[in-house]
Amino acid sequence: MTATEPFEIQARNTIDINYYGTKKARFLACNNTEMLDTILEEFVSAAEAGDHKEKGFAGSAYGMSKAGVTQLTRILSVEASNIMVVSCCPGLCRTDMAVRK
């Protein structure tokens with residue numbers, strides 16, 4: 001299914017969520033898994049209260065989860081310096097979420 005919004009709207013929404021949302025995510029500065037856990041749980045609590053955007057969190061739960069995985073990969077690559085830690089994106093997968101069915 002093709003998105004119905006004009007491309008310029010898709011571009012703005014995608015960059016706002018995926019890039020700027022990640023950039024301003026407060027957990028990018030955390031350097032241990034306990035701190036990352038705390039911040040992500042704060043996001044869930046704020047989402048439950050409906051004030052996550054006012055508290056500086058992204059508007060996308062999926063985006064927050066992916067940004068969390070990215071940061072976890074960074075933390076683990078430092079903590080487990082004797083092994084290689086990587087995180088990969090498979091690209092677009094045909095799921096209901098990806099194609100907005």
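**Figure 1. Contacts of alanine 46 in the predicted model.** Alanine 46 touches Asp51, His52, Lys55 and Phe57, leaving out residues up to four places away in sequence. One of these partners, His52, is the subject of the next view.

**Figure 2. Histidine 52 in its loop.** Histidine 52 sits between α2 (33-49) and α3 (61-79), in the loop that links them. Is histidine 52 buried or exposed? Its relative accessible area is 18%. The cut-off for buried is under 20%, so histidine 52 counts as buried. Beyond its neighbours within four places in sequence, histidine 52 is in contact with Phe43, Ala46, Ala47, Phe57, Ala58 and Gly59.

**Figure 3. The largest nonpolar core.** Nine residues make up this core. They are Cys30, Leu36, Ile39, Phe43, Ala46, Phe57, Ala58, Met64 and Ile75. Helices α2 and α3 each supply at least two of the core residues. Which element gives the largest share? That is α2, with four residues. In soluble globular proteins, nonpolar side chains tend to be buried together. Phe43, Ala46, Phe57 and Ala58 are among the core residues, and histidine 52 is in contact with each of these four.

**Figure 4. Glutamine 71 and the backbone of cysteine 30.** Glutamine 71 belongs to helix α3. Its relative accessibility is 4%, so glutamine 71 counts as buried. What lies 2.8 Å from a polar atom of the glutamine 71 side chain? The backbone oxygen of cysteine 30 does. Cys30 is also one of the residues of the largest nonpolar core.

Technical notes: Residues are numbered from 1 along each chain as its sequence is written. This is a predicted model: local features need pLDDT of at least 70, side-chain atom pairs count only at pLDDT 80 or more; totals for chains, interfaces and linings use all residues. Side-chain values use heavy atoms; hydrogens and water are left out. Buried means under 20% relative accessible area, exposed over 50%, partly exposed in between (1.4 Å probe, protein chains only). Contact means heavy atoms within 4.5 Å. A polar contact is a pair of N or O atoms within 3.5 Å; within protein, one must be able to donate a hydrogen and the other to accept it, and residues adjacent in sequence count only if both atoms are side-chain atoms. A nonpolar core is a set of buried Ala, Val, Leu, Ile, Met, Phe, Trp, Tyr and Cys residues joined through side-chain atoms within 4.5 Å.
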